[in-house]
Amino acid sequence: EQLDQFLQANMNFTLQQRPFQGLLNISSDMISSGDIFFMQARGATDALIMYGTGSRASHTTIALRNSSGLFILQSNEDGIHALSWNDWYTGLASDT
């Protein structure tokens, strides 16, 4: 696949295909403001982000806890978004 060839040729990196075994059971009580989640995906934009940043992650998010609860902040082409922990985590499960 072209994505794998690009990452190997330009970053000496190969994405490993692994069977999905489910999301980790992470309790929101374990998360503090400033905690970061790194993710990896297999799309052309994801490869460009990895190449441009020199990272193995194609997407990052950060946790913010305030009096209203726990939120996950992330950005995309539409701007910066704050999702409740439950909405974000549920979204991950539906994306898999």
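This is a conversation about how to read some features of the structure above.

Colleague: What should I know before I start reading?

Modeller: This is a predicted model, where local features need pLDDT of at least 70, side-chain atom pairs count only at pLDDT 80 or more, and totals for chains, interfaces and linings use all residues. Residues are numbered from 1 along each chain as its sequence is written, and side-chain values use heavy atoms, with hydrogens and water left out.

Colleague: Happy with that. Which residues make up the largest nonpolar core?

Modeller: The general idea comes first. In soluble globular proteins, nonpolar side chains tend to be buried together. A nonpolar core here is a set of buried Ala, Val, Leu, Ile, Met, Phe, Trp, Tyr and Cys residues joined through side-chain atoms within 4.5 Å. Buried means under 20% relative accessible area, exposed over 50%, and partly exposed in between (1.4 Å probe, protein chains only). In this model the largest such core has eight residues: Ile-31, Phe-37, Ala-63, Leu-70, Ile-72, Trp-85, Trp-88 and Tyr-89. Two elements, β3 (69–76) and α3 (85–95), each give two or more residues to this core, and α3 gives the most, with three. Helices (H or I, at least four residues) and strands (E, at least two) are DSSP runs, numbered from the N terminus. Another core, of seven residues, lies apart from this one and includes Leu-3, Leu-7, Leu-15 and Ala-47.

Colleague: And what does Ala-63 touch?

Modeller: Contact means heavy atoms within 4.5 Å. Not counting residues up to four places away in sequence, Ala-63 touches Ile-31, Ser-32, Ser-33, Gly-34, Asp-35, Leu-70, Phe-71 and Ile-72.

Colleague: How many aromatic pairs are there in the whole structure?

Modeller: A pair of aromatic rings is described by the distance of the centres and the angle of the planes. Rings of Phe, Tyr and Trp (its six-membered ring) pair if their centres lie within 6.5 Å; planes under 30 degrees apart count as stacked, over 60 as edge-to-face and the rest as tilted. The search of the whole structure finds five such pairs. Take Phe-37 and Trp-85: their ring centres are 5.9 Å apart and their planes stand at 35°, so this pair is tilted. It links distant parts of the chain, with Phe-37 in strand β1 (residues 36–39) and Trp-85 in helix α3, 48 residues apart. Trp-85 also pairs with Tyr-89, and that pair is stacked, at 5.3 Å centre to centre and 20° between the planes. Trp-85 and Tyr-89 both lie in α3, four residues apart, about one turn of the helix. Phe-37, Trp-85, Trp-88 and Tyr-89 form one aromatic cluster.

Colleague: Are Phe-37 and Trp-85 buried or exposed?

Modeller: Phe-37 counts as buried at 17% relative accessibility, and Trp-85 counts as buried at 10%.

Colleague: Now helix α1. Which of its residues are buried?

Modeller: An α-helix has 3.6 residues a turn, so residues three or four places apart point the same way. In α1 (residues 2–11), Leu-3, Leu-7 and Met-11 are buried. Seen down the axis, the buried residues of α1 fall within an arc of 30° (taken from the directions from the helix axis to the C-beta atoms), so they line one face of the helix. Gln-2, Gln-5 and Ala-9 are exposed on the other side of α1. What covers the buried residues of α1 includes α2.

Colleague: What follows α1?

Modeller: Most residues other than glycine have a negative phi, and most peptide bonds are trans. Here α1 is followed by Asn-12, whose phi is positive, near 55°. Asn-12 is found in the loop between α1 and β1 and is exposed, with a relative accessible area of 62%.

Colleague: Where is Asp-46, and what does its side chain contact?

Modeller: Asp-46 is found in helix α2 (residues 44–53) and is buried, with a relative accessible area of 18%. A polar contact is a pair of N or O atoms within 3.5 Å; within protein, one must be able to donate a hydrogen and the other to accept it, and residues adjacent in sequence count only if both atoms are side-chain atoms. The side chain of Asp-46 makes one with the side chain of Ser-58 (3.4 Å).

Colleague: Last one: how do β2 and β3 pair?

Modeller: Two strands pair if DSSP finds at least two bridges between them. β2 (residues 59–66) and β3 pair in the antiparallel sense over five bridges, and they form a hairpin with two residues between them.
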